[in-house]
Amino acid sequence: MKAPAIKIEHLDFHYKDQTQLFNDLNLNIEQGERFGLFGPNGAGKTTLMSLMTGLFSFTSGNIQLLGNSIKTKNKSVNKLFGFVPQDFSFYEELTPKENLQFFGAWSGLNKKEIEKRSAELFDILSLNVVKNKPVHKFSGGMKRKVNLAIGVIHQPQLLFLDEPTVGVDVQTRHEIINYLKQLNANGTTLIYTSHQLSEAEELCNKIALIDNGKIIAFNTLDNLLAKHKQNSLEDLFIHLTGRRFDIE
Amino acid sequence: MKLLATIQKDVRILLRDKMGLLLMFAMPVLLVVIVTSIQSSTFDVVGKNKIELLVCNKDSGRLSKEFIHALDTSGIFKILYINQTSNEKNIADEMHAKDIVIGVVINSSFTQQIEIKAKSNAGKALTSFGLEGDTVTENIINSNYLDLYYNPIIQQSLKLSIQGALNSTIQIIQSKETLKDLYFSINEKSLPDSLQQQLFTNNTNIKEIPLSNNNEKVILNATQHNVPAWTIFAMFFVVMSLGSSIVREKNSGSFVRLKTLPTNYFIALLSKQIVYLKVTFLQAFLIFIIGIYLFPFIGLPTLHLPHDILGLIIVTLICGWCAVSYAMCVGIFANTQEQANAFGAVSIVILSIIGGLMVPSFIMPASFKSIMSISPLHWCLQAYYGLFLEGGSLKDVSTNILSLLTITIVLQAIALLELKRKKFI
């Protein structure tokens, strides 16, 4: 039996000098899922993602990634996943090729593997023309693609995506979403968060709604819509949280 | 592979930071050239260059002419004259107009006063020998021999040196007159020129021996003093680039990603240390090359490297490592680039002052001498001076190197503890 992609058990967490954000939080995400985490601003989405990627330490409980506890702080767990943060997380002075060389090495790849993967990613994400130009000259869409390429260079089994398409045009968004589906089809589990609910409907096959640090809904989108008699994710969100969702 | 890739990344970013490169290489070179030029001319004030002395001779006697001649041939002064009828205002105007810092008015009774003084001294001497001497009343004219005008900008030490030179010249003339009077009183004829020359020829032999650790001739000039000092200053000024680079990385999105990757951030810091150590070494190499090849072309003394080149390389590397460790500490503790830059720059200036780079340590008050040992720049300077000025070898500066290594290890430990506290490593 395959271990869950993510298993969160009895998780407690609070920021310094603040009230408890997560209290006995439990969550199970199976391998191969395209999981979407949604909620209003301040609900705890980014915090939960930071806890799952080891950026924050939690008070008590446990988080396992593909059967490996991240509490051991063993850096080898980090090899299993990729992370595409909302902020551009690369060196703007460098070219996409140079960024991939550096982050590829830090992800544990050797020179040959980096070259091979870089070539594949430049093709898939249409970055060949600009691969030798410094990133600071790029448009927002191009930068998003570089951000994504760095996150997947080591072909992780698990990919965390925090607003991966924010600020990009329709074509680029389509290109990125298609690539993510392709990755998932090849076995990568996606953990995704976004304010683009229509995009989420297109990409995610499992959804969790989070509010005030609590998971208030967790199922496939179809099941949730049927259960709550709603037509779209946006309607479901308003129905469950009682608020209008912030749409950028 | 990871370290190599990180070094490659850091070098690329550094090479694309034109402003940072300018700050690390062009500015120190400019600083060394300018400061050495200024210091060189200061060295020359008491060395080759003569001090311009404005003279207003209100005396028509022979001794004032002899006095001026003596000053002129002393090698210290370049005599410039002003009309004998000039008043205080005329002298001040002339000094301002011609940028002269010292002026002297020889009073009208100069010759007469010295003659009276000489006769009086001779008379007293004869009386003390049991012979009959003239009794001369000294207070016939009660005025100064000279009036000295000076620009308040001149250093007290320079003013005292000039006063000393003037007094000594007057003393010689007065002694000569006294001797002539004595000789005349005893022999009833004038002092022969040959004897006079023999008696007053300056035959004081002072052999100057600069401290040296070997038997080689030690070269002392502005270049030998300034190049090592400002090379150290340049090395420590990498704090502006390295400190900022660490803060920028810490505050950028890339740092978030680095923390999620299966590599310890220690590798990033190790890479930065290696890259910036190379930078400090290149800075020193460049400044030394300029001292050797460019300085002679612009009229400055050539830099002479120490005989122990291996020692020089090792000392340079240790100084560089200490500078890099300091910059790393600043970068790790600072929260913003502004903090890193401001604290980095000001602290380096303060450390260089208390370290003796800007003010020689021997003129510092005793309380400062104990503080200077906390400045890594002080130990760097002592190690370099040991090699450049005292002709020493690595063994001779081992105490300085040991102190420098101790400070470096402390800085490294502080940096690592802070990284651990912040959970970066």
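Among contacts in chain B between residues at least 6 apart in sequence, what percentage join residues at least 24 apart? The share is 79%, where two residues are in contact if their C-beta atoms, placed from the backbone, lie within 7 Å. For chain A, 68% of the contacts between residues at least 6 apart join residues at least 24 apart.

Some notes on reading the model come next. This is a predicted model, in which local features need pLDDT of at least 70 and side-chain atom pairs count only at pLDDT 80 or more, while totals for chains, interfaces and linings use all residues. Residues are numbered from 1 along each chain as its sequence is written, and chains are lettered from A and ligands numbered from 1 in the order in which they are written.

## The two chains

The table sets the chains side by side. Helices (H or I, at least four residues) and strands (E, at least two) are DSSP runs, numbered from the N terminus. A residue is buried if 20 or more other C-beta atoms lie within 10 Å of its own, exposed if 12 or fewer, and partly exposed in between, with C-beta atoms placed from the backbone.

| Chain | Secondary structure | Buried share |
|---|---|---|
| Chain A | eight helices and ten strands | 42% of 248 residues |
| Chain B | 16 helices and four strands | 36% of 425 residues |

Along the principal axes, the C-alpha atoms of chain A fill a box of roughly 50 × 40 × 40 Å.

## Strands of chain A

Let us look at the pairing, which requires that DSSP finds at least two bridges between two strands. Four strands of chain A form an open antiparallel sheet in the order β2-β1-β4-β5. Its edge strands, each pairing on one side only, are β2 (20-29) and β5 (68-69) of chain A. Two bridges join β4 (residues 60-65) of chain A to β5(A), and A:Leu65 stands opposite A:Asn68 in β5(A).

Elsewhere in chain A, β9 (residues 206-211) and β10 (residues 214-219) pair in the antiparallel sense over five bridges. Here A:Ala208 stands opposite A:Phe218 in β10(A). The hairpin has two residues between the strands, and A:Asn212 takes a positive phi near 50°.

## Cores and a helix of chain B

A nonpolar core is a set of buried Ala, Val, Leu, Ile, Met, Phe, Trp, Tyr and Cys residues joined through C-beta atoms within 7 Å. The largest one has 133 residues, and A:Ile191, B:Ile232, B:Phe236 and B:Val238 have the most contacts inside it. Helix α12 (residues 309-333) of chain B gives the most to this core, with 14 residues. Leaving aside neighbours within four places in sequence, B:Phe236 touches B:Ala323, B:Tyr326, B:Ile348 and B:Leu377.

Helix α9 (residues 239-251) of chain B has 13 residues and reaches 17 Å from its first C-alpha to its last, close to the 18 Å expected at 1.5 Å a residue; the expected span is 1.5 Å times one less than the number of residues. Its buried residues include B:Val239, B:Leu242 and B:Ile246.

## Where the chains meet

Finally, 25 residues of chain A are in contact with 19 residues of chain B. Helix α2 (residues 96-106) of chain A gives the most to the chain A side, with five residues.
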